[in-house]
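I kept the entries in the order in which I worked.

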Amino acid sequence: MTSATHVDVPLLDLKAQYATIRSEIEPAVQEVLESQVFIGGPKVAEFECRCAGYLDVPYTVGNSSGSDALILALDALGVGPGDEVIVPTYTFFSTAGSVSRVGATPVFVDIDPTTYQIDPDSIRRVLAGRKPGAVKALMPVHLFGQAADLDAIMAIADEHDLRVVEDAAQAFGTEDVRGRRVGSVGDIGTFSFFPSKNLGGFGDGGLCTTRDEALAERMIRFRNHGMKPKYFHHDVGLNARLDALQAAILLVKIEHLDAWSAGRQANATWYDEAFAAAGAATSGVSLDEGGLPLRTPEPAPVGARHIYNQYVLRVPGSHRDAIRETLKAARIGNEVYYPRCLHEQDCYRDLGHQAGDFPNAERASRETIAIPIFPELTESQRQHVVDTVLASIRAI
Ligand SMILES: *Cc1c(COP(=O)(O)O)cnc(C)c1O
């Protein structure tokens with residue numbers, strides 16, 4: 001092999017990113033250390049305000065993680081035992097886990113095979129088979145940094161009187177086809193600052209967004225034991241607050257986010273062109289239609305902003321794991337989001353689903369691979385990724 005095999009390409013290189021912002025982060029952290037204010041306080045308030053501006057919403061509620069953000073959202077909307085909540089089966093676990101944690105029941109639906117986003121037709125089919133009033137809320141996920149079909153989702157919610165929680169954990173700064181920042185459209189939006197997300201902290205963190213002042217007040221109470229004023233409890237809340245250290249770090253990082261998103265988009269375009277030149281189609285063309293057995297992500301529709309939290313390829317399922325092994329041997333980081341759909345997880349066995357219930361999601365879980373897309377990727381790293389993927393695809 002050529003010398004290109006000596007290029008290491010991690011899935012995400014947070015050290016490379018830190019090197020570019022160390023001189024800004026260190027004084028921001030130092031300031032919090034000197035203040036000795038660690039929970040809430042002015043840094044958290046400043047960060048919430050900055051996020052409100054960035055995400056185009058009047059109210060934001062910083063909290064402890066993207067998972068807790070979902071729980072706070074459902075609690076604030078009054079979702080609980082006896083309620084059903086519609087969620088895609090192809091997402092990170094928290095989307096459904098939060099529903100179960102508040103005592104409600106997740107109702108799974110399939111995804112669109114081209115975009116991997118929640119499929120509005122699948123939602124309509126599920127609602128047609130339920131008693132009116134059983135389903136209380138709808139939780140679209142803006143998967144991989146691309147917007148779900150918010151127009152269709154809001155229309156369904158209107159028609160069936162459902163609350164909408166947008167799980168935007170992978171989509172800070174994503175815009176839908178009408179140019180709306182995700183998280184600003186439904187009743188509540190939720191975000192995660194887990195270190196690997198496009199806006200990641202140095203630990204756990206999360207955020208809720210809303211246009212409704214009463215919902216914001218409830219989430220502010222719930223994140224701090226349902227307490228207001230101190231030691232007087234309206235509701236049973238949780239300890240789900242945002243640390244001042246995380247807020248200070250995220251305040252530095254958010255100023256770089258647009259440049260990082262542009263870097264991810266440029267890398268995606270570079271990959272799209274390199275794979276297309278080798279004969280790959282986009283994910284709108286089924287693998288069953290032949291050609292080179294490789295599909296690149298469907299580009300965002302005109303007007304939308306895809307921030308490429310992940311760049312996901314589709315390959316034949318019977319070869320996917322061998323391709324992953326080849327990438328690993330070439331020291332190229334890769335991941336499968338997600339190898340098992342939620343309706344097939346052990347903890348949801350009692351919901352009675354079986355293989356074949358959600359064919360698009362199940363097929364995606366067998367056929368997808370995420371490759372490195374982080375903004376600091378160099379051209380030789382990208383070339384190494386493309387050469388290695390193409391060599392392993394041609395060897396099929
Ligand atoms: C990461 C993620 C979460 C959970 O966020 P944490 O901060 O890790 O709790 C929820 N939903 C989706 C879609 C995610 O990707």
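**Domains**

I began with the domain assignment of the protein, which gives domain 1 (16-254) and domain 2 (257-394); such bounds come from an automatic or database domain assignment. I noted that this is a predicted model, in which local features need pLDDT of at least 70 and side-chain atom pairs count only at pLDDT 80 or more, while totals for chains, interfaces and linings use all residues. Residues are numbered from 1 along each chain as its sequence is written, and side-chain values use heavy atoms, with hydrogens and water left out. The C-alpha centres of domain 1 and domain 2 lie 25 Å apart. The contact (heavy atoms within 4.5 Å) takes 42 residues from domain 1 and 39 residues from domain 2.

**Cores**

I then looked up the largest nonpolar core, which has 41 residues, and those with the most contacts inside it are Val 79, Val 85, Tyr 90, Tyr 116, Met 139 and Ile 188. The term stands for a set of buried Ala, Val, Leu, Ile, Met, Phe, Trp, Tyr and Cys residues joined through side-chain atoms within 4.5 Å, where buried means under 20% relative accessible area, exposed over 50% and partly exposed in between (1.4 Å probe, protein chains only). The elements that give two or more residues to this core are α3 (66-76), β2 (84-88), α4 (94-101), α7 (213-222) and α11 (359-367); helices (H or I, at least four residues) and strands (E, at least two) are DSSP runs, numbered from the N terminus. With 7 residues, α3 gives the most to this core.

For Met 139, leaving aside its neighbours within four places in sequence, I listed the contacts, among them Leu 70, Leu 74, Val 85, Ile 118 and Val 165. A second, separate core of 32 residues includes Val 57, Leu 150, Ala 171 and Leu 199.

**Helix α8**

I next checked α8, where 10 of the 11 residues are buried, so this helix is largely enclosed by the rest of the structure. Its buried residues pack against α1, α2 (42-55) and α9 (257-277). The axes of α1 (residues 14-35) and α8 (residues 244-254) come within 9 Å and cross at roughly 140°, where axes are lines fitted to C-alpha atoms, for helices over the stretch in contact, and angles run from 0 to 180 degrees between N-to-C directions. The two helices α1 and α8 are therefore oblique to each other, given that angles under 35 degrees count as roughly parallel, over 145 as roughly antiparallel, 65 to 115 as roughly perpendicular and the rest as oblique. Residues of α1 including Ile 21, Ile 25 and Val 29 meet residues of α8 including Leu 245, Ala 248 and Val 252.

**Helices α5 and α6**

For α5 (residues 120-128) and α6 (residues 150-160), I found axes that come within 10 Å and cross at roughly 15°, and α5 and α6 are therefore roughly parallel to each other. Here Pro 120, Ile 123, Arg 124 and Leu 127 in α5 meet Ala 152, Ile 153, Ile 156 and His 160 in α6.

**Ala 216**

Last, I looked up Ala 216 in helix α7, which is buried, with a relative accessible area of 4%. Ala 216 and Val 61 are 155 residues apart in sequence and 6.9 Å apart in space, C-alpha to C-alpha.
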